[in-house]
Amino acid sequence: MPGARAGASGDDAAGVHAPRLTIGAVLAALRDDFPDVTISKIRYLESEDLVHPQRTPSGYRKFSRADVDRLRYVLTAQRDHYLPLRVIKEHLDALDRGLPLPGTGPAVPPPAPGPDRPRQGTDGEPAEAAVPPLTPDEFARAAGLDRDQLADCVQFGLLAPDADGRHPAGDLPIAQAAAGLARHGFEPRHLRAFRTGAEREAGLVEQLVAPVLRSRSEDARARATEKLAELAALSAQLHRALLEARLRDLLRP
């Protein structure tokens, strides 16, 4: 998405957040993908604090390209994932804070964070590293879980808080996936099979890359890190393909 990538120049970032579009122009930009969207709908999403256009001295709304991307994200989440606005707002708040994308979020590029909320830390480290561990309440809100569900996720080994009871931001995709499955009737105790399968897959991958990761060579470690990411992506792809194939079998007469 233009202007949202890490390392974008100041001018690019400013362009993304420059309030130049009228509400009519925003409507025109969204209409092809969302024929049912109306000006009233855009105003309603603003009233729900999901988008924050600026106002001219005369009171007219002026939207930026980042605002349009944000609206597109909200509308996709509603249409394709049937997420309530409360959950979508929590997802957007998490993104604004530089947290990982929700696992249950829509399959569209994430909206740019607010102009005063960069995705990277001040020293250029990944955003996740710049975000301190979250309290149970913060973590539960960002994931869309209640406290009892979060406690169950910990009890059944899906999540592991630190010694202070806080949760790393990197575990949010797990919690968000658990929250999404909970909406379909899956409790954390039902998800132990996923954890066990992931542990077995991780063990196989570890056998391939662990010796290189222990190397003192920075180049070797860099190659191993890239290989680890590739193997993780391929494992996830295989898992999803096998699951979808099995579920297709259920639909056959």
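Author: Axes are lines fitted to C-alpha atoms, for helices over the stretch in contact, and angles run from 0 to 180 degrees between N-to-C directions. Helices themselves are DSSP runs (H or I, at least four residues), numbered from the N terminus. This is a predicted model, in which local features need pLDDT of at least 70 and side-chain atom pairs count only at pLDDT 80 or more, while totals for chains, interfaces and linings use all residues. Residues are numbered from 1 along each chain as its sequence is written, and side-chain values use heavy atoms, with hydrogens and water left out.

Reader: At what angle do α7 and α9 pack?

Author: Helix α7 (residues 136-143) and helix α9 (residues 172-182) meet at about 55°, and their axes lie 8 Å apart. Angles under 35 degrees count as roughly parallel, over 145 as roughly antiparallel, 65 to 115 as roughly perpendicular and the rest as oblique, and α7 and α9 are therefore oblique to each other. Their contact (heavy atoms within 4.5 Å) is made by Phe139, Ala142 and Ala143 of α7 with Leu172, Ala175, Gln176 and Ala179 of α9.

Reader: How are α10 and α11 packed?

Author: The angle between α10 and α11 is about 155°, with 10 Å between their axes, and that makes α10 roughly antiparallel to α11.

Reader: Which residues of α11 are buried?

Author: Buried means under 20% relative accessible area, with a 1.4 Å probe and protein chains only. In α11 the buried residues are Ala220, Ala224 and Leu231, and they pack against α10 (192-213).

Conventions:
Buried < 20%, exposed > 50% of the residue type's maximum accessible area, 1.4 Å probe, protein only. Helix = DSSP H or I, 4+ residues; strand = E, 2+ residues; numbered from the N terminus.
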